[in-house]
Amino acid sequence: MTATLRQNIDRLAERRHRRRADAPLSERIADRITGFTGSMAFVGLHLLLFGGWIGWNLWGSPKFDPSFVMLAMVASVEAIFLSTFVLISQNRMQAAADARADLDLHINLLAEHELSKLAEVVERIAQKVGADTDAETMRDITTDIEPGKVLDALERQD
């Protein structure tokens, strides 16, 4: 692994760590809850609690919820809160994905611009040494792409 690649990995990891540390308390709590609820420990806990609740009310005495109405209510309220925590986490993850997509687009546009300029230099070198170049291809390669026009064309296709 090159030193530059290692530095980039370290910078990205540091940025991710800083973003997590700077997140509002509500988001950090939602992430912790979502992390726990997506684990096998959570599944095991529910198997024990709900299994015990059902077993007690089927075979135990005294029965405190023989028709399982309270169990249904508890499960419903829990589902409401868990879905809210999941949505909070997904919103944060979507915002991060949008930021990464914007960065990717920006880098790609910069790379395209730089390659167009590099192609111009190569074309001038080819002309100086008398090498044949396809004029139409070189014109296409050296022309900067306008992202707005590309997006407009893609939207017209939809």
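Helices (H or I, at least four residues) and strands (E, at least two) are DSSP runs, numbered from the N terminus. With that in hand, here are some notes to read beside the structure.

1. What you are looking at. This is a predicted model, where local features need pLDDT of at least 70, side-chain atom pairs count only at pLDDT 80 or more, and totals for chains, interfaces and linings use all residues. Residues are numbered from 1 along each chain as its sequence is written, and side-chain values use heavy atoms, with hydrogens and water left out.

2. The loop between α3 and α4. F68 sits in this loop and has a positive phi of about 65°, although F68 is not a glycine. P62 also belongs to the loop between α3 and α4, and a cis peptide bond with omega about -5° joins S61 and P62. For background, most residues other than glycine have a negative phi, and most peptide bonds are trans. F68 counts as partly exposed because its relative accessibility is 23% (buried means under 20% relative accessible area, exposed over 50%, partly exposed in between, with a 1.4 Å probe and protein chains only).

3. N57 lies in helix α3, residues 40–59. Is N57 buried or exposed? At a relative accessible area of 3%, N57 is buried. Its side chain reaches the backbone oxygen of W53 at 2.8 Å. Leaving aside neighbours within four places in sequence, N57 is in contact (heavy atoms within 4.5 Å) with K63, F64, D65, P66 and F68.

4. Aromatic pairs. The whole structure holds 2 aromatic pairs. Rings of Phe, Tyr and Trp (its six-membered ring) pair if their centres lie within 6.5 Å; planes under 30 degrees apart count as stacked, over 60 as edge-to-face and the rest as tilted. The ring centres of F36 and F42 are 5.6 Å apart and their planes are at 85°, so this pair is edge-to-face. F36 is partly exposed at 40% relative accessible area, whereas F42 is buried at 13%.

5. The largest pocket. The largest pocket contains about 800 Å³ of space. Of the 21 residues that line this pocket, the closest to its centre are R15, R16, R19, A96 and R100. On a 1 Å grid over the protein atoms alone, a pocket is an open set of points where a 1.4 Å probe fits, with protein on both sides within 12 Å along at least five of seven lines; lining residues have an atom within 4 Å of a point. By class, the lining has 7 nonpolar, 1 polar and 13 charged residues.

Note on methods
Points joined across faces, edges and corners; volume = space filled by probe spheres on them. Nonpolar A, V, L, I, M, F, W, Y, C, P; charged D, E, K, R; others polar. Polar contact = N/O pair within 3.5 Å; in protein donor to acceptor, adjacent residues only side chain to side chain.
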